[in-house]
Amino acid sequence: MPGASTSKASTSAPKSSGPTPTNPEAESFKSQGNAAMQQKDYSKAIDLYTKAIDLSPTNPIYLSNRAAAYSASHKHTEAVADAELAVSADPTYTKAWSRLGLARFVLGDAKGSMEAYQKGIEYEGNGGSEAMKKGFKTAKAKVEEEEKDGANGDADREATSPTRGAGGGGGGGGGMPDLGALASML
């Protein structure tokens, strides 16, 4: 049977624990990317994960890892794009939901972040991991704060902005999330 050795034949199998690596070269790039992440060389990690993705474009692990590297490089728009591709490729790969939640949150999309963390919790089962629940709780608090601010009008927001800009009121300065807490989910 010519062509029977292609890896496409296994695509109909259910993805219960993520895809089986089908390309040793792509796996090598992923491993090198992981090592670069440990060294905090995010640019190199992005390049290496990109090489893995070039060989296996729909692998959710490679996409999710590059999303993490993008977030670590403060390139959250790119992180959202990769994380969305990863959850489309395999909705059960919960790290991708967590990375999507983080990137959306940092970009100011607290509601989208909350939704991503909720999906991750659903796919994790058993009420979700502590990290996923913490991300959801943080995003939910921000959504509630935004709704409250919207109900109070701009005058209240102006009155509290100096305190927020100085780092007061929960999270980081200027209304940013406490990235240290969320970064632990990478």
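Lysine 30 counts as buried because its relative accessibility is 16%, buried meaning under 20% relative accessible area, exposed over 50% and partly exposed in between (1.4 Å probe, protein chains only). The model is predicted: local features need pLDDT of at least 70 and side-chain atom pairs count only at pLDDT 80 or more, while totals for chains, interfaces and linings use all residues. Residues are numbered from 1 along each chain as its sequence is written, and side-chain values use heavy atoms, with hydrogens and water left out. The structure contains five salt bridges, each a side-chain nitrogen of Lys or Arg within 4 Å of a carboxyl oxygen of Asp or Glu.

- Lysine 30 forms a salt bridge with glutamate 27, at 3.5 Å from N to O.
- Both residues, lysine 30 and glutamate 27, belong to helix 1 (residues 24-38) and are three residues apart, about one turn of the helix; helices (H or I, at least four residues) are DSSP runs numbered from the N terminus.
- In helix 7 (residues 130-152), lysine 142 and glutamate 145 are likewise three residues apart, about one turn of the helix, and their side chains form a salt bridge at 3.6 Å, N to O.
- Lysine 142 is buried, at 17% relative accessible area, whereas glutamate 145 is partly exposed at 28% relative accessibility.

- Arginine 66 and aspartate 82 form a salt bridge at 2.5 Å, N to O.
- This pair links distant parts of the chain, with arginine 66 in helix 3 (residues 60-72) and aspartate 82 in helix 4 (residues 76-89), 16 residues apart.
- Arginine 66 and aspartate 82 are both buried.

How values were computed:
Helix = DSSP H or I, 4+ residues; strand = E, 2+ residues; numbered from the N terminus.
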